[in-house]
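Open the model in your viewer and get ready to click. We'll go stop by stop, selecting something at each one and looking at what is around it.

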Amino acid sequence: MDEIVVSTVVYLPPEEVYDFLADFPRYVHYSDHLTDVTRRAGDGGAGTRYAMRFSWWKLNYTAVSEVTELHPPDRIDWRIVKDFRAHGHWHVEELPELPDDAPEDAETGCRVVFEVSYDADSADESTLNLPRFVSFGWVIDKLKPALEKEAEKVVERIVEDLEGRRRPVELTVDRRKD
């Protein structure tokens, strides 16, 4: 399994950040490659499934994700339910005190962590309609760095939207491979 962990500080109360992150259809506004998110089943709680339409390079793919657990205001767990193995979570943790470089108007803050684990080798190449002479292995090799960059962009854009302003966002990015 490969793992990507992106974290940063958001200057809002954890409850507000959590509610924002629990709104999965909103994610379409933060990703260059996510073109549509449609709720397929459920009410937004555990067990809710979403069809997430991605477009990257010459490929289009719809992933089906499921919210597996919700622990307000701390954690949102999810998994992909078809075609390949992937799961992850958002974790929101209130900071006991603000960092020294916090904006002057900040009153509270929390650390937000986005973590995703995926097994690229579990992907079924029959689910992708690849152009002629393009190997599945080549696509996987190109997709891994694109996923990492996309995770960073999504977190940066979410912070900007949450706080209502653009500021330099310090990200901590950890990439692991089992």
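Start by selecting arginine 167. Leaving aside neighbours within four places in sequence, arginine 167 is in contact with Val9, Val10, Tyr11, Pro103 and Val159, where contact means heavy atoms within 4.5 Å. You'll find arginine 167 in the loop between helix H2 (136-163) and strand S8 (172-177). Helices here are DSSP runs of H or I with at least four residues, strands are runs of E with at least two, and both are numbered from the N terminus. Now show valine 9 too: its backbone oxygen lies 2.7 Å from a polar atom of the arginine 167 side chain. (A polar contact is a pair of N or O atoms within 3.5 Å; within protein, one must be able to donate a hydrogen and the other to accept it, and residues adjacent in sequence count only if both atoms are side-chain atoms.)

A quick word on what you're looking at. This is a predicted model, in which local features need pLDDT of at least 70 and side-chain atom pairs count only at pLDDT 80 or more, while totals for chains, interfaces and linings use all residues. Residues are numbered from 1 along each chain as its sequence is written, and side-chain values use heavy atoms, with hydrogens and water left out.

**The whole fold**

Switch to cartoon view. The protein has two helices and eight strands, and from the N terminus on they run β-α-β-β-β-β-β-β-α-β. Colour the strands: the eight of them make an open sheet in the order S2-S3-S4-S5-S6-S7-S1-S8, with antiparallel pairing. (Two strands pair if DSSP finds at least two bridges between them.) S2 and S8 are the edge strands, each pairing on one side only. From one strand to the next, the twist averages 20°. Next, pick helix H1 (residues 14-21), which packs on the sheet and touches strand S1 (2-10), S4, strand S5 (75-80), strand S6 (85-94) and strand S7 (110-119). The direction of H1 makes about 155° with that of S6; axes are lines fitted to C-alpha atoms, for helices over the stretch in contact, and angles run from 0 to 180 degrees between N-to-C directions.

**Walking across the strands**

Select strand S2 (residues 34-41) and strand S3 (residues 49-56): six bridges join them, and they run antiparallel. Which residue in S3 is the bridge partner of arginine 39? Tyrosine 50 is. In the same way, valine 37 has methionine 52 as its bridge partner in S3.

Move on to strand S4 (residues 59-71), which pairs with S3 in the antiparallel sense over eight bridges. Arginine 49 stands opposite glutamate 66 in S4. S3 and S4 form a hairpin with two residues between them, and tryptophan 57 in the turn has a positive phi of about 55°.

In the loop between S4 and S5, find proline 73. A cis peptide bond joins proline 72 and proline 73, with omega about -5°.

S5 and S6 come next, running antiparallel with five bridges. They also form a hairpin, with four residues between them, and aspartate 83 in the turn has a positive phi of about 75°. Then look at S6 and S7, antiparallel and joined by 10 bridges; histidine 89 has glutamate 115 as its bridge partner in S7.

**Rings and the core**

Show the aromatic side chains. The whole structure holds five aromatic pairs. (Rings of Phe, Tyr and Trp, using its six-membered ring, pair if their centres lie within 6.5 Å; planes under 30 degrees apart count as stacked, over 60 as edge-to-face and the rest as tilted.) The ring centres of phenylalanine 24 and tyrosine 27 are 5.1 Å apart with planes at 45°, so this pair is tilted. Tryptophan 90 and phenylalanine 114 are tilted as well, because their centres lie 4.7 Å apart and their planes are at 40°. Ring pairs link Phe24, Tyr27, Tyr50, Trp90 and Phe114 into a cluster.

Buried or exposed: what are tryptophan 90 and phenylalanine 114? Both are buried, meaning under 20% relative accessible area, against over 50% for exposed and partly exposed in between (1.4 Å probe, protein chains only).

Of its 38 residues, Val10, Val17, Leu21, Trp90 and Ile158 touch the most other members. H2 gives the most to this core, with six residues.

Note on methods. A nonpolar core is a set of buried Ala, Val, Leu, Ile, Met, Phe, Trp, Tyr and Cys residues joined through side-chain atoms within 4.5 Å.
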